[in-house]
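Please walk me through this structure in plain terms. I would like to know how its parts are arranged and how they meet.

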Amino acid sequence: MIGSETLIAAGGLGAAYALAALGFVLIINAVGAVNFAQGDFVMAGGYVAVVAASWLSQNTDVAVIAPGLVILPLVLLAMAVIGLGFSALAYLPLRRRPPMAVFISTIAIGIMLRQSANAFFGAAPQAGPVMVAPGLAGNNGHQLAMIAAALVVIAALHGLLNGTQFGRHLRASAQDPQMAAAVGIPVTRMILATFALAIALAGLAGLLLSHQYLVQPDDGTTYMLKAYIAVTLGGWGRINGAVAGALAIAVFETVVATLVSQVLAEMLLYVLVLAVLWVRPQGLFGKIEGRRA
Amino acid sequence: MTRQTLIGGGVVSALAVLFMANAGGYEMRLMSLAGIYTIAVLGYQMALGHAGVLSLAQGAFFGVGAYVTGILTTQHNLDGAAAMLAAMLVAAVLAALVAIPVLRLKTHYFALATLAIAEVVHLLAVNWTTVTGGANGIYGVPPLVLFSIEIASGWPLLVTVWSAVALAAGLVFWRTSGRRGLRLDLARETPLAADVVGINRRRQRFELFVLSAILAAVAGSFQAHAIGVVSPAVTDFALMVTILVATLVGGQQRILGAVIGGILVIHLPEWFRAFDVFYLIAYGAALLLVIIVAPKGIAGFWPRRHLQETHAAQPPPALCCRQASLHCANLRKHFGGVKAVDGITARFTTGQITGVIGPNGSGKSTLLNLLTGLIRADGGTITLDHKEVTSLSADTRARAGLARAFQHPDLVREHRVWEAVMAAIPLSKDSVQAAKDAAAACAHVDLQGQAATLVEHLSPEGLRRLEIARALATVPDILLLDEPAAGLTAAEQDRLAVTVRRLADDGLAIIVVEHGMRFLLPLADTIICLDQGQVIATGPAAEIAENPEVIDCYLGRFEEAAKEAGK
């Protein structure tokens, strides 16, 4: 049966998917290309969390009651730096080329991330830190903390994009790079900042997922697909739509998995996407004629 | 056959013989696998390189081929050849079914849809245990049997696989080279231009997508025999990535590229074996490097082959236009609240040049787009030769005799002039007739001496003339020109006017949208002036120039501006 437990689980999963999808849609808006490595960055964030948590437990004497929350800023920061490196490799050399080139370069980066994880951590799944210890907040504490962390970060992102001059510059660069450059906005720097932000969000998703869903080098494709689907359902390029799409996917997946099986949940999700694209080739809420990936 | 091809073929055969004489079983096995991947890559080139669709289902079709072969040979005692045919058929049917809803999608949705299909195939392979054997897969797939001869591994398999590579290469060459290739370039690089010369892009994409799936299935089928096992790994996304990497590294369009990609992708892991797991990281790095430094892949370092000019026409033969008329009645198109075209009625006939003028935003471009079918009307009718074409697609109208040149030349940069013109000629014409039409089209716009010039080396005037030549190559009855004089010098405009007049005298119905009155007023027989989506005046040029309403909304401003500029 579908109880509150299931809904909280769906909420936690949805929170992580939403973060990954947000990063995904930010990059789509900034460079017009799909970031095929987005899922691999979720996975990478998971490993950063695993490493940071083990360092934390080795170097602190008292048992930390909320290791996940403690390392959260660290994961964001580390992943933002990695995001900058990512844009320097996969975007800067290709910015005068069609978006398809960036699309493929992100596939290449995805392969490198996956294989690096495999080489350094091995193929066996590893568990990341719990957000808050069960003793502190009960059995659902971890998932509720996932939801809360995601809510805070999404709200902060919203404030950043809509309430600050930096955010306005970022959005202007995404909407019309030439016009933004003409009024003196450093567009390239804004795009780099977008990558840093997007990858930090993916990394955070990785941290949130790493405890309950474990981390494996091969996780990337699935997470990337979830973000891709969330953005397709929510409307290509729409930030709020991406969050809504991610939540819808998580609820659908959790409910079907609870009632029937995980395999059926995934299969049905893909079939559903195909059905949506069949009926509405422009996407569920799609209207925006953006640059293409 | 050029000498180059002969020498190349000779070298390759010599190497092959040398290889066969010296290689051990292990090398033969690797080269067999390389051939198998070459077949899959040849298929993928058709989808990605030639049709320009980023399919992520090529690996799934490979897997389908492997599973169909594995299941039929082990559970139903079918022989290998029959199983391979069945695999091709299943992949073709699957691809055709998928293509109908998916091929019309935009790139990013197309990639997602094909990826979703691939994931469904993979989930089925892993979980439909009774048929696929689940995670364990299918064991004991027997060797391939062709004409009741068993193809053992080692050199018999090697020769068979590479013969199949040759066949597949022949198929790819047949479907993507020569004039067909030029039309594929046009559809992929400049879709709108492809529409207005009458290329049916949907059919092109459909055909190439299905063929790509068939070749993937052949490769999958061979691999099932070669390895003897079919496991869910053949439907894994990693295999798709391998094919993608091989295609991009080798080259997206050249047959040589497929061979290079196929061989490299199989041998690199062996050569880098010493690096252990780290070689796979290098593999991703290699892909990144290739995209940055060699967008056309390794085969891109060889120069592109061009179609040679085979006919020259001097002086140009008269156009063979039919008596034709284009008529629109009460034509309407709204964009949100903007009435771009609001009830336009007009008639365009043989031998006449009709100028369409009006201020910016008056609906001139929308009218052209409606007439050519690039956008659909909200209301009203368009009649071509007494046949209604309002709901027909742009390419269908183009085949019915409607041609158009764009304001901003929409040409494939890597084509030569001759190729750009040849691309517009329907494949139903034999090569002799096609060459004649192309030569005539070039001669009509005085480009005959420049057939071998690359499009990217043409002057602005040359580009404009080439746009018109391409339109003429479709042997149209009606020609629409969108601001043909914009950006040209006075002398160039005068030369262009002579050309356009000559075409009308030959019997073309010509519609010219233009802002340059110096160019248009002496040239046009009739002028239609638009304002806010409506016709405000129609008549001979001299009459329109004096029309107070036209002066008020358009010409007046123009003259005042000229005076201002003169001060």
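In chain B, S325(B) stands opposite T349(B) in strand β4(B). Strands here are DSSP runs of E with at least two residues, helices are DSSP runs of H or I with at least four residues, and both are numbered from the N terminus. The model is a predicted one, in which local features need pLDDT of at least 70, side-chain atom pairs count only at pLDDT 80 or more, and totals for chains, interfaces and linings use all residues. Residues are numbered from 1 along each chain as its sequence is written, while chains are lettered from A and ligands numbered from 1 in the order in which they are written.

Strand β3 (residues 325-335) of chain B is joined to β4(B) by nine bridges, and the two run antiparallel. Two strands count as paired if DSSP finds at least two bridges between them. Strands of a sheet pair through backbone hydrogen bonds, either parallel or antiparallel. β3(B) is also joined to strand β6 (residues 379-384) of chain B, by five bridges and again in the antiparallel sense. Within that pairing, R332(B) has G379(B) in β6(B) as its bridge partner.

β6(B) in turn pairs with β7(B) over two bridges, also antiparallel. Here the bridge partner of L384(B) is K387(B) in β7(B). These two strands form a hairpin with two residues between the strands, and D385(B) takes a positive phi near 55° there. Taken together, the four strands make an open sheet in the order β4-β3-β6-β7 of chain B, with antiparallel pairing. β4 (338-349) and β7 (387-388) of chain B stand at the edges with a single partner strand each, so one side of each has no neighbour in the sheet.

D531(B) stands opposite Q534(B) in β12(B). The hairpin of β11(B) and β12(B) has two residues between the strands, and Q532(B) in the turn has a positive phi of about 50°.

The next topic is the division into domains. Chain B is divided into domain 1 (20-236) and domain 2 (325-535), with bounds that come from an automatic or database domain assignment. The centres of domain 1 and domain 2 of chain B, taken over C-alpha atoms, are separated by 42 Å. The contact between them takes 16 residues from domain 1 of chain B and 23 residues from domain 2 of chain B; two residues are in contact if their C-beta atoms, placed from the backbone, lie within 7 Å. On the side of domain 1 that touches domain 2, α8 (178-189) and α9 (191-196) of chain B each supply at least two residues. The largest share of that side, seven residues, comes from α8(B). By class, the side of domain 1 has seven nonpolar, three polar and six charged residues. In this scheme Ala, Val, Leu, Ile, Met, Phe, Trp, Tyr, Cys and Pro count as nonpolar, Asp, Glu, Lys and Arg as charged, and the others, Gly among them, as polar.

Helix packing can be followed in chain B as well. Helix α3 (residues 58-75) and helix α4 (residues 80-102) of chain B pack at an angle of about 140°, with their axes 8 Å apart. Axes are lines fitted to C-alpha atoms, for helices over the stretch in contact, and angles run from 0 to 180 degrees between N-to-C directions. That angle makes α3(B) oblique to α4(B); angles under 35 degrees count as roughly parallel, over 145 as roughly antiparallel, 65 to 115 as roughly perpendicular and the rest as oblique. Among the residues that meet are F61(B) and V64(B) in α3(B) and A83(B) and M84(B) in α4(B). The residues of this contact divide into 12 nonpolar, four polar and no charged.

Chain B also meets chain A, in a contact that takes 34 residues from chain B and 35 residues from chain A. On the chain B side, α5 (107-127), α11 (237-250) and α13 (278-293) give two or more residues each. α5(B) gives the most to that side, with 13 residues. By class, the chain B side has 27 nonpolar, four polar and three charged residues.
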